[in-house]
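Please look through the sequence and the coordinates below before reading on. The paragraphs that follow lead from the whole chain to single side chains.

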Amino acid sequence: MRPTQRMLSGPNWKVGNWLGHDFGAFGGAGKVKGIITYGVAANRQNPFAGAAHDAIFNTFRRTKSQIFFWLPSLMAGYYLMHWATERNEYLNSKAGRAEFAGSEE
């Protein structure tokens, strides 16, 4: 069993020297006392470090990779609504009523 990097870390560690005792040997001769290490997780140090920078560039990257999926349908919908609005305004105008006075559309 290979000890983890955390177990290998210490003041003067060398590869293969493990501070502690063998797995399952409780209270063995190799137990080291008095070494206390503290650590702070990265998200506790500064949780919003680079958030604005990442938001800008991540949004650009994701939009660039997806734009050909949603832009054509967005443009088609816009032009369809524009045509429908103009057609409705024409049909409800004086000229449109005069042109289609006798027919039902």
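What percentage of the 105 residues in the protein chain is made up of buried residues? Buried residues account for 2% of them, where buried means under 20% relative accessible area, exposed over 50% and partly exposed in between, with a 1.4 Å probe and protein chains only. This is a predicted model, in which local features need pLDDT of at least 70 and side-chain atom pairs count only at pLDDT 80 or more, while totals for chains, interfaces and linings use all residues. Residues are numbered from 1 along each chain as its sequence is written, and side-chain values use heavy atoms, with hydrogens and water left out.

The protein chain holds four helices and zero strands, read along the sequence as α-α-α-α; helices (H or I, at least four residues) and strands (E, at least two) are DSSP runs numbered from the N terminus. Its mean pLDDT, the predictor's confidence in each residue from 0 to 100, is 78, and 67% of the residues reach 70 or more. Where pLDDT is low, the predicted coordinates should not be read in detail.

The chain exposes about 10100 Å², of which carbon and sulfur atoms supply 61%, by the Shrake-Rupley method with a 1.4 Å probe. Leu74, placed in helix H3 (residues 51-91), is exposed because its relative accessible area is 51%.

A search of the whole structure finds one aromatic pair. Tyr78 and Tyr79 form this pair edge-to-face, at 5.5 Å centre to centre and 70 degrees between the planes, and both are exposed. Rings of Phe, Tyr and Trp (its six-membered ring) pair if their centres lie within 6.5 Å, with planes under 30 degrees apart counted as stacked, over 60 as edge-to-face and the rest as tilted.
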